[in-house]
Amino acid sequence: MRLAMIGLGKMGYNMTLRLLGGGHEVVAVDRNLDAARELAGKGAIAAESVADAVGKLASPRVVWVMVPAQATDAVIDELCERLAKDDVVVDGGNSNWKDSQARAERLARRGIGFCDAGTSGGVWGLKNGYCLMVGGAPAAVKRCEPIFVTLAPPDGYAHVGPAGAGHYVKMVHNGIEYGLMQAYAEGFEILKTSPFGLDLHRIAGLWGRGSVVRSWLLELLESALEGDAELRSIKGWVEDSGEGRWTVQAAIDQNVPAPVITLSLLTRFRSRQDESYGAKLLAALRNQFGGHAVKKS
């Protein structure tokens with residue numbers, strides 16, 4: 001197929017390479033023109049703008065949007081003006097599922113199809129493939145299926161429901177990811193503070209060979225612990241992309257108890273505080289009612 005890829009960041013760039021390797025023709029466009037030109041040297045067709053990219057496609061057209069969530073609406077607005085009936089827009093970014101539903105409705109009024117593709121695989125997707133959780137009308141999904149099959153590893157793509165379902169499933173996926181990462185982080189800190197002088201890199205590798213807690217995340221942790229040099233250069237500040245927040249909000253809206261995911265999100269917030277005002281208040285209260293000692297800053 002020929003499609004346009006709008007957004008050539010870490011994900012969009014590598015997805016373009018995987019599509020080119022699978023025999024697709026990709027019109028590549030990004031605000032950073034150098035990225036598109038670099039990909040042109042690897043077989044892509046460089047475009048200088050969204051309008052230029054759309055003009056390089058034959059109808060019916062497929063456009064994959066791979067930009068930050070806060071920029072997606074502006075790109076979709078422009079595509080609304082430039083695409084025609086039976087064209088399809090795929091949003092593979094970390095969009096809120098409710099936004100995806102609204103975008104699908106907006107595009108449908110113009111006869112344009114929409115797929116929301118929850119995309120997991122990170123920077124390893126080029127080599128290993130991307131797990132794709134796709135929402136959208138069956139006809140739109142079917143049109144784009146050759147793209148999905150190329151991007152995904154075997155059995156790593158599924159049409160999970162109507163528009164919005166793809167990003168909803170990806171949202172919950174990320175919420176679970178928060179909890180798994182937090183459990184590994186806490187467990188290995190307990191190991192590190194033990195009286196045994198344990199080799200954490202070796203233990204991570206050991207657990208990855210047949211244990212109940214083996215996973216790809218554990219393999220990545222083993223890699224991060226090798227030599228410990230990477231950890232020594234990292235500050236304990238943990239950002240969040242927003243999907244953990246949306247998962248917690250969905251749990252609240254649907255009356256689902258989700259304490260592990262919720263606490264893992266709140267722990268990320270705590271990691272960004274150099275000094276916790278709440279912790280100061282706790283220390284002050286203990287001093288007030290029980291005369292417990294406090295540490296002075």
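**Cysteines and sheet of the predicted model**

Cys 144 is buried, with a relative accessible area of 0%. Buried means under 20% relative accessible area, exposed over 50%, and partly exposed in between (1.4 Å probe, protein chains only). The model is predicted: local features need pLDDT of at least 70, side-chain atom pairs count only at pLDDT 80 or more, and totals for chains, interfaces and linings use all residues. Residues are numbered from 1 along each chain as its sequence is written, and side-chain values use heavy atoms, with hydrogens and water left out.

A search of the whole structure finds 0 disulfides, a disulfide being a pair of cysteine sulfur atoms within 2.5 Å. Cys 131 is in no disulfide; its nearest cysteine sulfur, that of Cys 115, lies 16 Å away. Cys 131 is partly exposed, at a relative accessible area of 35%. For Cys 144, the closest cysteine sulfur is also that of Cys 115. The separation is 4.5 Å, too far for a bond.

Helices (H or I, at least four residues) and strands (E, at least two) are DSSP runs, numbered from the N terminus. Two strands pair if DSSP finds at least two bridges between them. Eight strands form an open sheet with mixed pairing, in the order β3-β2-β1-β4-β5-β6-β7-β8. Its edge strands, β3 (45-46) and β8 (157-161), each pair on one side only.

Strands β5 (residues 88-91) and β6 (residues 113-120) run parallel and are joined by 4 bridges. Asp 91 has Asp 116 in β6 as its bridge partner.

Helix α1 (residues 10-21) lies across β1 (2-6), β2 (25-29), β4 (62-65) and β6. Contact means heavy atoms within 4.5 Å. The helix runs at about 165° to β1. Axes are lines fitted to C-alpha atoms, for helices over the stretch in contact, and angles run from 0 to 180 degrees between N-to-C directions.
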